[in-house]
Amino acid sequence: MAEWVLGIETSCDETSAAVLRRDESRAELAGLSILSQDVHRIFGGVVPELASRAHVQVLGSVVERALADAGIGLSRLDGVTVTAGPGLVGALLVGVMYGKTLAFSLDRPLLGVNHLEGHLFAPTLEDPELVPPFVGLLVSGGHTMLLDVPAWGEYRLLGQTLDDAAGEAFDKVAKLLGLGYPGGAPIERLAREGQPGRFRFPRPMLQEVERDGPHRYAFSFSGLKTAVLRTVQRSPGGELTELDHQTRADIAWGFQDAVNEVLVAKTAAAVDALGYSTAMVGGGVACNRALVARLRERLASRARVSVASPRLNTDNAAMIAAAGAWRLARGERSGWDLEARDDLPLPGLVAPQPVSGPDA
Amino acid sequence: MIRPLTQDELRAEGETLGRALPPRTVLAFEGELGAGKTTFIQAIVRGLGVSTPATSPTYALVHRYRGRRGPVFHLDCYRLRSADEAADLDWEGLLAEGDAVLVEWPERAGPWLPAPARRFRLHHLPDESRRGLEAL
């Protein structure tokens with residue numbers, strides 16, 4: 001018998017709700033509503049733009065919209081899932097309180113979901129063939145991590161960024177080049193006009209992939225951002241406003257090439273080391289087509305690459321419902337004391353280098 | 001006074017500062033993109049006894065680390081479009097709970113920023129191997 005699961009996501013800027021229809025074999029997306037800050041701005045800029053207040057004002061109508069998309073009413077829901085962390089506590093609280101209240105009043109099970117686990121589940125909504133074991137690359141504005149996923153619910157952290165996230169590097173370099181926010185899409189567009197090889201930027205941590213050290217799968221993008229800044233300053237005119245269009249395009253190409261080379265090299269190395277035949281890319285940076293094409297090319301006959309469509313890569317409630325529905329089906333429940341946590345760890349996460357037991 | 005420091009010197013300076021930091025201290029860090037705020041703060045956070053690397057909180061706005069004496073909060077106001085948005089950051093909660101509160105781009109928090117015990121500005125220098133550290 002099919003079950004209907006509601007997902008709620010308010011961990012950062014997006015206010016989102018989704019309805020999934022899940023039967024024994026798979027979960028299908030029935031309704032999805034995402035309201036981003038951009039939309040808030042289009043609505044006249046009178047809505048306070050940041051986090052909690054914006055979520056409070058729109059969450060009710062976002063949930064109604066998702067239910068209407070799915071063609072069901074509240075009473076048909078079999079479970080309520082909500083992002084409990086990580087994220088901004090004030091923003092998370094809005095979704096958690098709403099989810100709790102709804103589940104309590106409907107007398108349905110409640111489940112708090114980890115936002116990062118949501119990203120891992122996102123492609124399954126379009127690609128039911130995505131099943132562990134696989135290597136997961138999560139790349140967004142707030143996270144850059146490489147995970148070994150031997151089974152759903154079991155995660156081993158291979159490596160993560162030591163400073164800036166990949167998506168953040170895109171956003172900040174976009175700003176240096178005078179492009180809009182978020183920066184991923186404008187940089188990729190501009191890079192298509194870029195001349196390959198005119199600018200070559202450092203590949204931070206790339207060499208480490210050849211060594212079996214602690215930083216083999218680690219990332220670092222802070223220095224790359226600074227290298228782009230120096231290049232902008234040194235270019236003819238020395239000021240952003242003086243940069244001609246072609247130079248900006250060439251810089252965008254060089255920057256994107258550097259980021260993608262590191263992401264692809266580390267993901268491919270993990271696939272080879274683990275002997276898996278599947279990799280997945282999730283998070284906002286997974287919208288970068290050059291990245292995905294390069295990873296597919298690198299892995300070619302060795303492994304396939306599963307990536308969701310853009311609206312499921314950026315923050316959304318469908319992925320929360322997908323991860324939550326899987327856990328609900330296993331009989332998991334959250335208590336009414338469910339809390340929002342800014343530092344919520346991935347459930348079942350094991351650190352890259354297991355700490356040895358206590359000294360005898 | 002702007003002191004020109006190598007990356008290693010900046011890290012050493014930060015660790016020393018972190019180790020000696022009195023409880024419940026607010027520190028503010030100004031400086032352009034790439035001026036060395038991350039490097040300096042990572043070192044301070046290490047000095048406070050945090051074992052995980054401090055990563056950029058630009059997107060999440062607030063990161064929480066486990067320090068020797070209690071939670072260390074690392075904030076970045078870079079993404080705030082107006083000081084009004086800083087009102088949502090629950091400063092009272094951070095100050096009540098945090099052993100240290102480190103704030104990047106503090107000027108964007110406007111009047112919401114709690115008075116910092118110390119304020120630093122990092123500078124790009126013509127010598128690219130060095131960063132300028134200024135105590136304001």
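**View 1. The five-strand sheet of chain A.** In this predicted model, an open sheet of 5 strands in chain A runs in the order E3-E2-E1-E4-E5, with mixed pairing. Strand E3 (27–35) and strand E5 (110–114) sit at the edges with a single partner strand each, so one side of each has no neighbour in the sheet. On average, neighbouring strands here are turned by 20 degrees against each other, direction ignored. Helices (H or I, at least four residues) and strands (E, at least two) are DSSP runs numbered from the N terminus, and two strands pair if DSSP finds at least two bridges between them. Strands of a sheet pair through backbone hydrogen bonds, parallel or antiparallel.

View 2. Strand E2 (residues 15–22) of chain A is joined to E3(A) by 8 bridges, and the two run antiparallel. Look for A:Thr15, which stands opposite A:Leu35 in E3(A). Helix H3 (residues 89–106) of chain A packs on the sheet and touches strand E1 (3–9), strand E4 (79–85) and E5 of chain A; its direction makes about 160 degrees with that of E4(A). Helix H11 (residues 317–329) of chain A lies across E1, E2, E3, E4 and E5 of chain A, at about 45 degrees to E2(A). Angles run from 0 to 180 degrees between N-to-C directions, with axes fitted to C-alpha atoms (for helices, over the stretch in contact).

**View 3. The six-strand sheet of chain A.** This open sheet of 6 strands has the order E10-E9-E6-E7-E8-E11 in chain A, again with mixed pairing. Its edge strands are E10 (304–307) and E11 (349–350) of chain A, each pairing on one side only. Strands E6 (residues 134–139) and E7 (residues 144–151) of chain A run antiparallel, joined by 6 bridges, and A:Phe134 stands opposite A:Val149 in E7(A). Helix H8 of chain A packs on the sheet, touching E6, E7, strand E8 (154–160) and strand E9 (278–282) of chain A, and its direction makes about 160 degrees with that of E6(A). Over at E9 and E10 of chain A, helix H9 (residues 289–299) of chain A lies across both, at about 160 degrees to E10(A).

**View 4. Helix H6 crossing helix H8.** The axes of H6 (residues 184–191) and H8 (residues 245–274) of chain A come within 8 Å and cross at roughly 110 degrees. That makes H6(A) roughly perpendicular to H8(A) (65 to 115 degrees counts as such). Residues in contact (heavy atoms within 4.5 Å) include A:Ile187 and A:Leu190 from H6(A), with A:Trp253 and A:Phe255 among those from H8(A).

**View 5. The two domains of chain A.** The domain assignment gives domain 1 (3–121 + 313–350) and domain 2 (132–307); the bounds come from an automatic or database assignment. Their C-alpha centres lie 28 Å apart, and 17 residues of domain 1 are in contact with 23 residues of domain 2.

**View 6. A hairpin in chain B.** Strands E6 (residues 118–124) and E7 of chain B pair in the antiparallel sense over 5 bridges, forming a hairpin with 5 residues between them. Here B:Arg121 stands opposite B:Glu134 in E7(B). Strand E1 (residues 2–6) of chain B also pairs antiparallel with E7(B) (residues 130–135), over 5 bridges, and B:Leu5 stands opposite B:Arg131.

**Notes for all views.** Residues are numbered from 1 along each chain as its sequence is written, and chains are lettered from A and ligands numbered from 1 in the order in which they are written. Local features need pLDDT of at least 70, side-chain atom pairs count only at pLDDT 80 or more, totals for chains, interfaces and linings use all residues, and side-chain values use heavy atoms, leaving out hydrogens and water.

Definitions and conventions:
Parallel < 35°, antiparallel > 145°, perpendicular 65-115°, else oblique.
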